[in-house]
Amino acid sequence: MAKTDLIRKEKVRAMRRAGHSINEIVEATGTNKTTVSVWLRDLPLTDEQRAALARENPRWANAYQGGQANRRKGLTARKAAQESGREQARLADLLHRKGCILYWAEGAKQKSAVHIINSDPDVVLFFTRFLRDALHVKSEAITIYVHCNTQDELEHTRIKQYWLGLLDLPDLCFKKIILKQGSKFTHTQDDVGLCTVMVRNTHLVMHIFGAIQEYTGIDNPAWLF
Amino acid sequence: MRQEGKTIPEIASTLNVAKSSVSLWVRDIRLTSEQKSVLESTKQQIERLNQASKQRHEEGMERRYISQQEGRERARQNDPLHEMGCMLYLGEGAKDPRAVVFVNSDPHMMIFFMRFLRESLKVNDLNLRLRLHCHTSDVQEHQRIKQYWLDLFNLKNDCFHKVNVLKASKTRANHLTNGVCTICVYDARLMMHIYGAIQEYIGIDKPEWFFEDSRR
């Protein structure tokens, strides 16, 4: 960051500490609103400052209240979903247990989508089986992406057919091919690329996270997001 | 030199001439039967060595097969900790046939994996080796991080044999304060045990896991 920007950032932060609203800061310093928002993200207002801003601008206050309520609602829903995962974990379903632990190791720790990336067909196939048989995910809800490093259209069709055939999924599940040029792929990855299996469903993610905690006896509040 | 009974490769390497040239130049020299028998016995020796290495290879395959069978046997006994450890290894472990290598920065996962090694596979603390990757080159900080992991695993002796310092990327958002820890157990038998168990657990067959170099 340039020196002038640093000075400006300090000024922006100082104004926030004094309790000004983001719009006021934008007007006073001429900095882009998005930038201001990013710079202030780690700088919460005190309760009194927030109350003062709310008195000045009731519309913002309402929106803020609404946002907070939504946040709480989401959190409750995520807690409930984790609890459902824990419950299923207590049933000692073997496929469920193996799938969850595999997800702990290999899956993305993301809030809104169950998401695993691998080039090993056995792993991808097993995980899809887990999604279908243990979590009752419908085929249509699964999306797959493939990373590969060839630009050849024919190869793309072949790779697409390979994964769709392997996982026994309809055509519309295939989202796209992502080109990864110049990266060092190993031999297998060269052949069929890297496959991403994704299910966009926060409830399901939380279910798995809950189950992992129950199986392994750990407690990870960070997974509630 | 050929008249003294030297072999063609020997002559070629002492004189630094191509083997094909030597062969051409000595083609008209007849060796005595005595010299021939000496050469013949060297040849047999080489043959024997080849035979021995082949046998070693087969013995190794046999050993690995037995270890994998042990793993499969264990997998059929429905031990949850064993199963979970193996599944974790399938996702996160290194696929190096000579050693069990597990790398992660998540303390929960590392503790769990350590429990799997100790309780399920009966690994002795003395056979554990740890490695550390971190972004700082500050030696005092290294000491702190090492102690952090040792305390976490409840290890008395200093198992760390290496600290790797990596250059931090400037844009990375989640800086890892405690670095990335690696647990190694240099035991090929154990590794094959885990491989066997994984195959049994998820119902697959991976013949390439028998070989010493399965990294293609």
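**Reading the sheet, the helix pair and the chain contact**

Author: Four strands of chain A form an open sheet, ordered β1-β4-β2-β3, with mixed pairing. Strands are DSSP runs of E with at least two residues; helices are runs of H or I with at least four, and both are numbered from the N terminus. Two strands pair if DSSP finds at least two bridges between them. This is a predicted model: local features need pLDDT of at least 70, side-chain atom pairs count only at pLDDT 80 or more, and totals for chains, interfaces and linings use all residues. Residues are numbered from 1 along each chain as its sequence is written, and chains are lettered from A and ligands numbered from 1 in the order in which they are written.

Reader: How many bridges join β2(A) to β3(A)?

Author: Strands of a sheet pair through backbone hydrogen bonds, either parallel or antiparallel. Here five bridges join β2 (residues 143-148) of chain A to β3(A), and the two run parallel. Ile144(A) has Phe174(A) as its bridge partner in β3(A).

Reader: Which strands of chain A does helix α8 touch?

Author: Helix α8 (residues 153-167) of chain A packs on the sheet and touches β2, β3 and β4 of chain A. The direction of α8 makes about 140° with that of β2(A). Axes are lines fitted to C-alpha atoms, for helices over the stretch in contact; angles run from 0 to 180 degrees between N-to-C directions. Contact means C-beta atoms, placed from the backbone, within 7 Å.

Reader: Now a helix pair. At what angle do α3(B) and α7(B) cross?

Author: Two packed helices are described by the angle between their axes and the distance between the axes. The axes of α3 (residues 33-75) and α7 (residues 188-202) of chain B come within 6 Å and cross at roughly 50°. The two helices are therefore oblique to each other. Under 35 degrees counts as roughly parallel, over 145 as roughly antiparallel, 65 to 115 as roughly perpendicular, and the rest as oblique.

Reader: How many residues does each chain bring to the contact between chains A and B?

Author: Chain A gives 17 residues and chain B gives 16. On chain A, α6 (94-106), α7, α9 (187-192) and α10 (202-216) each supply at least two residues of the side touching chain B. The largest share, seven residues, comes from α6(A).

Key: Two residues are in contact if their C-beta atoms, placed from the backbone, lie within 7 Å.
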